[in-house]
Amino acid sequence: MKNQFFALALAGLVLVGCGSTKKVSKDDSALNTPIVTSINLTKVVDDKAPVTINPGRFAQDTVVYRLPRVVQGTYSVSDFGKYIDDFKAYNYKGEEIPTTKLDVNSWTIPNAVNLDYVTYYVNDTFDIEVEGGIGGDTPFSPSGTNIEPNNYVLNLHGFIGYFDSLKNNQYTLDVTAPATFKRTSALQNVKEVTSEDGTTVTTSYAAPRYFDITDNPMMYGDLDVETFQVGDIKVVLSVYSPSKTHTAKKLRQTMEKMMQAQKAFLGDIHTTSRYDIYLYLAGEGEGNPKGFGALEHNTSTVVVLQDSMPEEALDESMIDVVSHEFFHIVTPLSVHSADVHYFDYNNPTFSKHLWMYEGVTEYFATLFQVSEDLVSEDQFYSKLMEKIHMSKSFDDTMSFTKMSENILEKPYSDNYIDVYQKGALIGMCIDIIMREESNGQRGILSLMKELSKKYGKNKPFDDDSLIAEITSMTYPEVGEFLNTHVVGTTPIDYNIYFNKVGLIETESKIETNYLLNNGELILGGDPVTRTIFFSDLVRDNSFWHEQGVLPNDIIKSINGEEMTIVNANDMLQKMIMWQPGQDIDVRLTRFGKEVVIKTKLTKTYTTGQALKANPEATAKQIELRKAWLKG
């Protein structure tokens, strides 16, 4: 992003009409007035979009306006205030009034009884991630924002803030954009007004409170949009591909098949009438997002992946990320704690139960695929074993509830990724326990349905009482497991639970990928020489071994792109998506000499523990396994 900022464009934009129709009677109160906000995408200056906030008339002397420090679903500090420029407040005469910046995300406005409106410019985050955007050294693009001539990713928590005392006020939002733009949003569309010359359209949206602003992202611009029906849910798929390689029409078939299976798996859970998927596909080079993945919202998800991905790899990645995010319509949408329901964007507290929010959600995203015959039993078992191996790289004795409650702090934040590994395995163990205790009739999905009926999206549960409540709703064995392995620090012996369903671990030839041997990374990094190299584990990866790669071979470049510690995360995310059949050109350095590997990818294997059906399993174990796998 350019450092220059042209403030001149502000003059003709925000000083017209902002206070002209507002009543100034002392009887008026901001507490009873919708907060009127606007974003003008036709007045972008130097990649910065102007925002206006009109709160109504305050009856107090001083107010504080904030952008979120943390947003829901990220479990990390984002500091969206650092992307705000030229913050100004104006009185009813159109005169600028002084403000004080309290911290990176907050501004104090004194003499607030005279405050008419606030203006500022918003920088996007996508094009500065290499300089420490959202997430710092490990950016998480799906929570960020994009401002470019033909595409706008409007994660509204990056544009619209809140006054401390008015988070529960209604909001209105006007977004002005070129008339040629497509626009998608699940926020209630109140009206659309086209300019007299027909070049711009202003769309007005309504939101019941600030949470609904942050919970409903938008995408504007040169989009490809498809809609389809999944039961009683309307799904809107919005895709931006700068190269036009990928389209919503091509992706729709994969998404529709997957989500139909998810809905069949969930059965009678009805939490939303619409679900939005926003897919931004990033191009190559500077100014493009680097932190790929997805951020869930209650009824939508924002996904950022690479435009250069082959179609098969994109389909596979979308199945992985969207299946997880869609299951969040169960938790936290229908089952959540007060920490979630009354989320504090500036100084949040976190629930103890990430094992449920993220872990059980990830478990469902894995289980439904075998339950609905999208993958084989062996493929399902392979995913479970991969999660076991990956979870062993984290602190297996750390209390999961303590980690969850302190997820922003070290050493707990270092274990966050384990919620998708051990967290899912916790869900698996509870599922098997419940199946055993109910003769196959109940599982963790039925538990989540019961919790959904008891609470729902408008009633939070008490965080400290949840485990006792789950125990009373299920079986003492479930409570014992949770207190021992989730609250407590005792590692889980997964073979106990596999034995219940007639499975055993055996050493076997296992299909893997080009970075991991059954969950173990085959690369290392040297902070002194700032190089990435193959570790001893490369000997056990069949593809690299057949290419003659040796331990300590330094990766010089991949497909013409130099490999460094700085860009390693970006390049490794590309490698993890490699598929058999792709052509690769890898240049290595071995004792100062270049080694060239120019070939076509083939399937790769390693040797490790595999999960198999026990040929000596009893009829009871086999029946329990069938009930478990059918969800």
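**Close-up 1. The surroundings of W628 in a predicted model.** In this predicted model, where local features need pLDDT of at least 70, side-chain atom pairs count only at pLDDT 80 or more and totals for chains, interfaces and linings use all residues, W628 is in contact with Y363, L367, F380, Y381, L384, M428, D431, I432, R435, V501 and L503, once its neighbours within four places in sequence are left aside; contact means heavy atoms within 4.5 Å. Residues are numbered from 1 along each chain as its sequence is written, and side-chain values use heavy atoms, with hydrogens and water left out.

**Close-up 2. The largest nonpolar core.** A nonpolar core is a set of buried Ala, Val, Leu, Ile, Met, Phe, Trp, Tyr and Cys residues joined through side-chain atoms within 4.5 Å, where buried means under 20% relative accessible area with a 1.4 Å probe and protein chains only. The largest such core has 158 residues, and among these M318 and W628 touch the most other members. Helix α6 (residues 354–371) gives the most to this core, namely eleven residues; helices are DSSP runs of H or I with at least four residues, numbered from the N terminus.

**Close-up 3. The residues around the largest cavity.** A cavity is a set of points, on a 1 Å grid over the protein atoms alone, where a 1.4 Å probe fits but cannot get out, and its lining residues have an atom within 4 Å of a point. The lining of the largest cavity consists of H246, T247, K250, L251, E311, L314 and D315, and its largest share, three residues, comes from α4.

Note on methods:
Buried < 20%, exposed > 50% of the residue type's maximum accessible area, 1.4 Å probe, protein only. Helix = DSSP H or I, 4+ residues; strand = E, 2+ residues; numbered from the N terminus. 1 Å grid on protein atoms, 1.4 Å probe; cavity = no way out; pocket = protein on both sides within 12 Å on 5 of 7 lines; lining within 4 Å.
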